[in-house]
Amino acid sequence: MTDLVVVSLEAWDDVWRRNQYLVSGLLERDPGLRVLFVEPPDDPLHALRGGSRPAFGHAPREVADRLWTFRPVKPLPRRVDHGADARIARAVIRSARRLGMSQPLLWINDPGAAAVAQLTDWPTLYDMTDDWVVADRPEAERARLVGGEEWLLQHAASVVACSPELARRKSGQRDDIVLVRNAVDVERYRVPMERPADLPAGRTAVYVGTLHRDRLDVELCVETARALGAEGTLVLVGPNALGVEDTAALQRNGVVVLGAKPRDAVPAYLQHADVLVVPHVVTDFTESLDPIKLYEYQAVGKPVVSTPVAGFRDAPNVVVGNASSSFSGEVADLLARLAADSLEAMASTDALASAGWTDRVDQLREVVEKLITPTSDRR
């Protein structure tokens, strides 16, 4: 039996991201695989300060066959509790042992979770999905992330990157990084679905993805909504990690914020959009991405307007707005041409058929199999 502990940057929920596609694919391929999926810790004090109801983690719970989730808790800020990361790491170790996972393979997304690897002799896979060390973070948090990543790049048994840019950036610290890009289940996105009831009537420009200042240009969204005026609506679909003021500013200017949607509902929002948009900031952080939405957008074959961010600026059938006025103007122009029936249909990119999650699972499985200690040696 193979055991896998995944320390993730996101919870296991209805909004599927890279980890869930890959983990579920591995479980399907290997009937002897068991997975403990470690979600980000609850932070009750932070929740209280933000006006939210605090949560206090949960013990391992089985959410699917051979799949458990565990959520630790961080009761005090790290500036007060300097041992917070080690304490969380020991909770992860105890939860794995509670499930009988004595010598699992460790899969880490969050460089801040390096303590789990440091406190065990578990073979470790570091899967880099974003360049978190260049994200806009307070200096203390950034130092923690830098230290964790440096350790993982030096000591992890294997390192995977989701984008060529990420692999290039880290090549000076590690020369054997394996590229496993993101993907899309193309056929699932092409099965016709009914128009979502909460999608506004009339022409829509739709963005699908997590709403976060690391990626989303809030001011550009406001500009775009104003440019559309009565001719269309900017719609944002996805988990909302923006502050209250940012959300209010968007809604005050006519942007419709629909919130998170289950993965099976997402294709309908893309299919029934008139234009798909990527109003992202252009930073060192966004340059490191291999956006899943690129694959999703192209699978449905709708017109796309994007800021000049990695992936989209070189993709076929994408209109790139190089300045705020250009971006909002391009979106408004496309909607106007659609209303006048003067926009030619944009073909979906059939090359994406070879970029399904099945292929990515195969790639990752090769990496995992090289790291798994034979069962006879794990007694």
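Author: Strand β5 (residues 105-108) and strand β6 (residues 124-128) are parallel partners over 3 bridges. Helices (H or I, at least four residues) and strands (E, at least two) are DSSP runs, numbered from the N terminus, and two strands pair if DSSP finds at least two bridges between them. This is a predicted model, in which local features need pLDDT of at least 70 and side-chain atom pairs count only at pLDDT 80 or more, while totals for chains, interfaces and linings use all residues. Residues are numbered from 1 along each chain as its sequence is written, and side-chain values use heavy atoms, with hydrogens and water left out.

Reader: Which residue is the bridge partner of I108 in β6?

Author: Y126 is the bridge partner of I108. In β6, T124 stands opposite L106.

Reader: And what stands opposite Y126 in β7?

Author: V159 does. β6 and β7 pair in the parallel sense, over 4 bridges.

Reader: How many residues of β6 are buried?

Author: 5 of the 5, so β6 is largely enclosed by the rest of the structure. Buried means under 20% relative accessible area, exposed over 50%, and partly exposed in between, with a 1.4 Å probe and protein chains only. T124, Y126 and M128 point one way from β6, L125 and D127 point the other way, and all are buried.

Reader: What sheet has β6 in it?

Author: An open sheet of 8 strands with mixed pairing, in the order β3-β4-β2-β1-β5-β6-β7-β8. Its edge strands, β3 (58-64) and β8 (178-179), each pair on one side only.

Reader: What packs on that sheet?

Author: α1 does, touching β1 (2-7), β2 (33-38), β4 (67-71), β5, β6 and β7 (158-161). The direction of α1 makes about 160 degrees with that of β2. Axes are lines fitted to C-alpha atoms, for helices over the stretch in contact, and angles run from 0 to 180 degrees between N-to-C directions. Contact means heavy atoms within 4.5 Å.

Reader: What span does α1 have?

Author: Helix α1 (residues 18-29) has 12 residues and reaches 17 Å from its first C-alpha to its last, close to the 16 Å expected at 1.5 Å a residue. The expected span is 1.5 Å times one less than the number of residues. Of the 12 residues in α1, 10 are buried, so the helix is largely enclosed by the rest of the structure. Among them are Y21, L22 and V23.

Reader: Back to β4. Is T69 buried or exposed?

Author: T69 counts as buried, because its relative accessibility is 2%. Its place is in strand β4. Leaving out residues up to four places away in sequence, T69 touches W12, L36, F37, E39, H58, A59, P60, R61 and V63.

Reader: Where does P104 lie?

Author: P104 is in the loop between α3 (84-98) and β5. Its relative accessibility is 0%, so P104 counts as buried. Residues up to four places away in sequence aside, P104 touches D3, L4, V5, W122 and P123.

Reader: How many residues apart are P104 and L228?

Author: They are 124 residues apart in sequence and 53 Å apart in space, C-alpha to C-alpha.

Reader: L228 is in α8, then. What angle does α8 make with α12?

Author: α8 and α12 pack at about 40 degrees, with their axes 9 Å apart. The contact includes L220, A227 and L228 of α8 and F327, V331 and L335 of α12.

Reader: And α8 with α9?

Author: Helix α8 (residues 218-228) and helix α9 (residues 244-252) pack at an angle of about 15 degrees, with 9 Å between their axes. That makes α8 roughly parallel to α9. V218, C221 and V222 of α8 meet D246, A249 and L250 of α9.

Reader: Last topic: what does α12 lie across?

Author: Helix α12 (residues 324-339) lies across β9 (204-208), β12 (275-278), β13 and β14, and runs at about 175 degrees to β12. Those strands belong to an open sheet of 6 strands with parallel pairing, ordered β11-β10-β9-β12-β13-β14. At the edges, β11 (256-259) and β14 (318-320) each have a single partner strand, so one side of each is left without a neighbour in the sheet. The twist averages 25 degrees from one strand to the next.

Conventions. Parallel < 35°, antiparallel > 145°, perpendicular 65-115°, else oblique.
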